[in-house]
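Subject: Structure for you to look through

Hello,

My notes on what was found in it follow below.

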Amino acid sequence: MNIVVSNLKGGVGKTTTAVYLAAAAAARGHDPVVLVDADRQASAAEWLEERPIDGVEIVEAPSERTLARAMKSHDGVGIVDTPPGDERLVVSTFGVADAVVIPTRAGGVEFSRVAYTLDMIPSKTARGVVIVSARFGTNDLEETIAWWRAEKVPIWGVIPERVAIAAGPEARLYREGLDEYDKVLRAAMRGGR
Ligand SMILES: Nc1ncnc2c1ncn2[C@@H]1O[C@H](COP(=O)(O)OP(=O)(O)O)[C@@H](O)[C@H]1O
Ligand SMILES: [Mg+2]
């Protein structure tokens, strides 16, 4: 199966989400776990080069053709990190994805951005949002959660804002982040609400 991590607008936590989801899948014993990096910036590839994750294989696939092949050519779990901006490339993955995970931050302007991404996803494809860099106890977060509920978009996870997560490849994967992303992974695999 393939899980695509996407938000068509802006840099919001896609790469972080993709890396943690891949690590969570490997920790669950899925084999192979392929982290497909469709971003020419190759931040996911660089992350794994600097800090490999046991059981996670990285494949760079920055074009529609390489990406389609990378998603088809494994029989395990593929986690696809997507670039910002390249709408055609990203939308090409939605039809073949089993689930689309949309990272978003708390706060007003994010809603229209995510709505735009949601519109591009075929209705049969499972999708859910993950609220990243969340500050618990803030109105912003509560309003954001209430908004997605009202919109009937499943919230697959709420990831707290943590320095250890922001450190990226400079630090080892953060336990609390792995636990939260494991829940996201399970929801995505269930196609869950
Ligand atoms: N849970 C989190 N806590 C703190 N910082 C985070 C968290 N998730 C992501 N970030 C930070 O947000 C920034 C954008 O994340 P990144 O994954 O690179 O987004 P994108 O791939 O969408 O550009 C990075 O600096 C990253 O470290
Ligand atoms: Mg990125």
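A residue is called near a molecule here if its C-beta atom, placed from the backbone, lies within 6 Å of that molecule. Please keep in mind throughout that this is a predicted model.

With that definition in hand, we can turn to ligand 1, which has 14 residues around it, and of these G11, K14, T15, T16 and A166 come nearest. Which elements each supply at least two residues of this shell? They are α1 (14-27), β6 (126-134) and α7 (163-166), and α1 gives the most, with three residues. Sorted by class, the shell around ligand 1 has five nonpolar, six polar and three charged residues.

Helix α1 also takes part in a packing pair. When two helices pack, they are described by the angle between their axes and the distance between the axes. For α1 and helix α8 (residues 175-190), the angle is about 80° and the axes are 8 Å apart. Because angles of 65 to 115 degrees count as roughly perpendicular, α1 and α8 are roughly perpendicular to each other. In this contact, Y20, L21, A23, A24, A25 and A27 from α1 meet G177, L178, Y181, D182, V184 and L185 from α8, and by class the residues are 10 nonpolar, one polar and one charged.

Some details of the backbone also deserve a careful look. D31 and P32 are joined by a cis peptide bond, with omega at about 0°, and P32 lies in the loop between α1 and β2 (33-37).

Finally, for the protein chain as a whole, the secondary structure comes to eight helices and seven strands, and the C-alpha atoms fill a box of roughly 40 × 35 × 30 Å along the principal axes. A compact globule with 193 residues would have a radius of gyration near 16 Å, and the 15 Å of the protein chain agrees with this.

Best wishes

Terms used. Residues numbered from 1 in each chain as written. Chains lettered and ligands numbered in written order. Predicted model: local features only at pLDDT ≥ 70, side-chain atom pairs only at ≥ 80, totals over all residues. Helix = DSSP H or I, 4+ residues; strand = E, 2+ residues; numbered from the N terminus. Nonpolar A, V, L, I, M, F, W, Y, C, P; charged D, E, K, R; others polar. Axes fitted to C-alpha atoms, helices over the stretch in contact; angles between N-to-C directions. Parallel < 35°, antiparallel > 145°, perpendicular 65-115°, else oblique. Contact = placed C-beta atoms within 7 Å. Rg over C-alpha atoms; globule rule 2.2 N^0.38 Å.
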